[in-house]
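Hi there,

Here is the structure I promised to pass on.

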Amino acid sequence: MAKNGVGARAKRKEDERFLLGQGQYIGDLRFPRMRDVAFVRSPVAHARLKGVVIPDHLRESVFTARDLAGVRPIKAVSPLPGFQISEQPPLVTDKIRQVGELVAICVADTRAQAEDIAAQVLLDYEELPAVVDMHEAREPGSALVHDTVKGNVYVSVGFDGDIDTVAAVAPVKVTRELRTARQVMSPIECRGFIAQWDARLGQLIVHGATQFPHVVRTGLADVLGVPEIQIRVVSPDVGGGFGYKAILAGEEVCLSWLAMRVGYPVRWLEDRREMLVANANCREHFYAITAYADKAGKILAIDAEAAVDTGAYSAYPFTAAIEASQVSAILPGPYDIPVYRCNTAAVATNKAPQLPYRGVARPGVCFAMELMIDAIAREIGREPHEVRAANLVRPEQMPYDNVTDKHFDSGDYPQLLRMAIDAIDVNGVRARQQRGPENGRLIGLGMAFFSEQTGHGTTADGKRRVLYEQCFARLTPDGRLEVRAGIQSIGQGLETTLAQVASECLGIDIEDVQVKLGDTELSPYSSGAWGSRGMIWAGGATARACKELAARVAHMGAALLQTDIESVTVRDNAVYGPNGNVSLRDIARAYYLAPNELPGDTDPHGLEVTGGFSPTRVTGMHSGSAHACIVAVDPETGGVEILDYVVAEDAGTLVNPMIVEGQIWGGAAQGIGSALFEEMPFDRQGQPLASTLADYLLPGCPEVPNIRIFHMETPSPYTEFGIKGVGEGGAIGPGAAVANAINDALKAYGVEICEIPITPRRILQAMQSVAMSKGPAMTGGEPARMPRTTP
Amino acid sequence: MRAFTIEINGKAVTAEAEPRTHLADFLREQRYLTGTHLGCEHGVCGACTVLIDGRPARSCITFALACEGAQVTTIEGLRDDPVMADLREAFSDNHGLQCGFCTPAMLVSCRDVVMRLPEADEARIRLELSGNLCRCTGYGGIVAAVKSVLQTRKAAGARPSAVHDGLGPVGARAPTARQGEQTARTPIAADTPSAAGGRPAAQIRETVTAEQWLAVETDGMELLQSFRVAHPRAQVWRFFEDIEQVARCMPGARLTGPVVDGRGDGEVNVKLGPIVGAFNGTVEVERDEADFSGRVRGAGRDPRSGSSARAIIGHRLEAVDDMATQVQISVKFLLSGPLAQFGRSGLLKDIADHLTQLFAANLEAAMSGKQAATGPDTTLDAATVARAALWRRIRALLARLAFWR
Amino acid sequence: MKPVAFDYERPGSLDEATRLLAEGGSMAKAVAGSQSLGPMLNLRLAQPDLLVDITAISELRTVTERPDLIEIGACVTHADIEDGRIPDATRGLLAFVAGHIAYRAVRNRGTVGGSLAHADPAADWVSAFPLLGAEVVTQSSRGARTIPAETLMVSSFVTGLEHDELIRAVRLPRLSARARWGYVRFNHKAGEFPHAIGGIIHDPENGRFRAVLGAIESAPIVVADAAILFGGPYDRDIEKRLDERAVLDLLDARGVQDDYNRRLTLVALRRAAAQASRA
């Protein structure tokens, strides 16, 4: 049997159906009598809804909030002190709070006809002043997004260190304002749901593109007032998630209600325009940071004010608190920072609600902190990597509890940094820069370092994680293994990696393992796929189930081999004793079909196991990572090309290095999108200004460099096999690394850009403002793509 | 519904489709060929790429009926294609896919690269794949897969293969059977959802608060025009008294009722290239005698698109001398809804600029006793105007005003 | 995001097409490869009652060569030009331009006539054809006419075409063997609409020296005598003689106020000149 357990670079089991075009995504499912839904959505950001005018001949096809009597608003409440609660009705009842908000459901035979109907429904509304800017939102006199959210701040989260004492003596003080743009996560498959009522089972069956079918089920039960046992949520193949499909939103609530009302299956497939202008956004952070350091660059204290533009609603289940609380908690990053003060506000605005996107707040935090590191280095005239090295938590300090009480479980950060320095060849780049511009382009080097808390629960998400993740494993009578888990695959290869874990524990070939996901009816409860938790938690649960199964198989095998349990091992699809072996297939056949061959003390739970797992500490496993890149900047056009990009990553024990590399590649590509391209601009009335992918730019194949990856494997002491999470990591570093590289390239011009994405326009604007002021400039102004009035 | 014939994956099929049904929806919803995916429906993401006449094309912005007589090949039809078999294996070996959603179309494009460009290097491969977005893989595995298949084929002596060497869009064929006949087109039945082009019957009266008008002032896009007329200021001022006369100069604009106490109803019909707007709403007129200035505030909704517009059109008259007046026209406007969200705000500005120029030129013409370029109740079809000698006049006017702008 | 219901005809002759358009009035729209109109239909920004698909008209899919010029049918695609399926009359300029339009899958259906009629200011052909001094041959029920390419486009999405008037062909004067050209477009990512276009041609055989400033969010600026931008006639190292003030004045006159767009346009033109120098 080929070695394809933990650590094997196994080819993916799920590839074949995708390569043949046989993946089954939500849009590919067909049910008899199914009809299509389109929504009437608000064209404005903030208004009082006075009425919905439905033409008489369409009354049977259109439903409004009035029809949804009994359906409760979606409510996502953080347990953090001071959190101000808001409610999100599935359809607007009286107040519109964002462009694209759902006002009415239109149902027809085809989507085109449903859109025809939607176009004939008129909304009568009275506009209110839109709250669009997160700073103005907090000024006295600003309009309120929710009456219940005073000051337009859902919650403020902070740490209060004694800055003043340090400030009085610190020889180096560096202050910056930094911004990250509002983004749309943009999986290539949009969201979508199909709801139907099964009269025989008395059950609502909801198929949907979601990262957590069990959470959707719980949420639907709550909002619809239907017992959870009467709801089944099935997630088919999901065309990318990245956090965008980790939400319970109005569309699926409306669809579920509608299916119960009309009795036939109803389908809503989100289109790209809906995704871009109406549905969840992410990122949009603001930071004002002062770092105090000694002359060698050792940071003495960090003093920060931060804000997150959280949008119009507290999204279910992660709440409006998650991003802001993470900002405050992890801004110190991988560094040993003795004194820390930070306050972060989650601000309500009339824009789409925020969801945690791959890396949650970390890409923003890493961007802010790593630009501060480079700013300190510039201030004291040292290499930025030297300042990093001076501040990184050292291996001998592990496990280490940092200034915000984050528990770093393991790792060698300085060594990771050295790997990146060597890989990118810092000295070589410096020599190259000495030789001057290349074809008119300026060369720049940038790095970023971060420590990523993975696979944890947070205080911000309402502690919405299960105590134990569970997995069901069954050896079938033909000696094969089925693994059922409630976690969802969104492209990260769980059908392969969970099988590898099973193989490792049960000695079974992954070809004989089938991993079944995505159906609340068939799997133990799971919090779902997010937070780089899949392999830690579901992998751990699979290991536990399969280890237990291995023990039982060993017991049966020993009996069949007529030897004692201590003398057998489970490996290579069989149980081996001193004088022979018996295959898993024969054991399974014996158990199911010839039980008289087995002794009387056979475990009554048989060959089915539900295993549960939780890391020994649930404070997260800390993956470490250093990113480094070389860019060429065209000072005439603002064009940026990434010439080289390296990632040194410690994700603990790697279950499948190929898949880990895929996660890092893909994450880094998204991070490059954040760094250079992606931005959802709004006008002052709260109108989103990018409604197509020609306006919201996603990096394509020519824009993403060949990313070179270097692994370090420091096992976590708290997980099965020492696994750490890695799903998000790649996306965290590029904003900082690319920005630092661009600023390095533009150093001679005295330009330092402190907001992403760094578009050609921003580069030219920054260079021009420096040229005009003849002094160093830091940009961080309004989105450059806001339409300006012309004089 | 229209009957048509099309060859799908090597088999001739007679089917029916609505003219508005794009090829992707036809394949997916009627032929159950769901390997072709929809990611954006505006031709950017590439997830819907199929082969038409053997070459890659977007099935989301190609209408099914436009493929009458054409050969369409989807991922399902490439199962036994040897190049595709190599690519599938290389994708799996190099981890060129994760969620799999972009994969079928990505394979279609990769196959095109492999067959058309056997000498492609990495940079060329990347450029050729720029029309297929993948959000999961970071493209590294995809590029590696294409490189490996190219190498294998090169070693085996494969040559580029030419397909469909005729000119014109892939899919273009002889006319449909009905062509040449003088058949009347079937109107859409009145009781279907599509009736009236999906236009609402009712109308909503916009209420605009002082605060919102202030927003137009402070945040609106602003366009300015200025021209000189050879009339004394008092005479020009009287011209602006007649709101209906002024409205007639706004191409496509029309008052739909009398103006009472400075308020009235109106509509503006705009057709610019493919974009059509019909804004119904209200106008308010204000005049400041002392300052020889005035403004018309209009708010309207386009029920077709769900877009709203608010505009403040101001005029101020400056006496140049006893016989000439400089007329300053300012337009400030704010849009909301789909038109506002149509990201390329520069184009909207250009369009609005164009309208403002026409307005100014019409005013000038009307005051000078010349024929306005557009009638009061015609839809503004800018092309109509552009054809007229007027356009040259506007150009000339622009050149004159360059310094002022 | 599906289009409104519309009717669809696919006539086999120009006469039939122009008749259908004339009957359909202002709510009828001609369509070729649908690569620009398709997205606008899907977004419901365009809501026609009738589409007249002109791709079945075989004469629109032909190329005619004459000693001094080449006439490219309106339905010839970007890929046809990119792949060299039509004769090269412009020393590679057309193929160079065509190969960078959008993406390969779009180029296989997008047509030169469709692009000109759509009149997106950032599209390449609305800049490239005027640069070459092309003429546009149109057809309506009233007959044919010939329009200089540089006057066809009026502003964004607006042309001088009447609603029942079709583009039949683009007529291009040949560049001589000694001609030089430069064409530079800047976009933020591959396949995206450019944010600036600069182009120049110089043909010593007939003394033509032309330039274009395009993608300026309005109709391109075509300079028939590029000497005014370079302080004199074409010469070696022409890029070093670019008169920035003259370019900025042109942009001022057209109301191009956006600094980024202005600077990028300048650089595009200078680099186009450098490209011509090196050719």
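**Two interfaces, between chains and within chain A**

Between them, chain A and chain C bury about 2,100 Å², 54% of it on carbon and sulfur atoms; buried area here is the accessible area (1.4 Å probe) that two parts lose on being put together, summed over both. Please keep in mind that this is a predicted model: local features need pLDDT of at least 70, side-chain atom pairs count only at pLDDT 80 or more, and totals for chains, interfaces and linings use all residues. Residues are numbered from 1 along each chain as its sequence is written, chains are lettered from A and ligands numbered from 1 in the order in which they are written, and side-chain values use heavy atoms, with hydrogens and water left out.

On the chain A side, 27 residues are in contact (heavy atoms within 4.5 Å) with 19 residues of chain C. Six salt bridges are counted between the two chains, a salt bridge being a side-chain nitrogen of Lys or Arg within 4 Å of a carboxyl oxygen of Asp or Glu. One pairs A:Glu636 with C:Arg270, whose closest N and O atoms are 2.7 Å apart. Helix H2 (111-120) and helix H18 (760-773) of chain A are the elements that give two or more residues to the side touching chain C; helices are DSSP runs (H or I, at least four residues), numbered from the N terminus. The largest share of that side, five residues, comes from H2(A).

Now to the inside of chain A. Its domain assignment gives domain 1 (15-22 + 469-606), domain 2 (33-128 + 189-239 + 245-277) and domain 3 (282-459 + 617-779), with bounds from an automatic or database assignment. The C-alpha centres of domain 1 and domain 3 of chain A lie 40 Å apart. These two domains of chain A meet through 20 residues of domain 1 in contact with 20 residues of domain 3, and the area buried between them is about 1,500 Å², with carbon and sulfur atoms giving 66%. Which three residues supply more than any others of the area that domain 1 of chain A buries against domain 3 of chain A? They are A:Trp530, A:Ser532 and A:Ile536, with 36%.

Across this domain interface of chain A the rule finds two salt bridges. The side chains of A:Arg544 and A:Glu720 also meet in a salt bridge, at 2.6 Å from N to O. On the domain 1 side that touches domain 3 of chain A, helix H12 (494-506) and helix H13 (534-561) of chain A each give two or more residues, and H13(A) gives the most, with seven.

Happy browsing!
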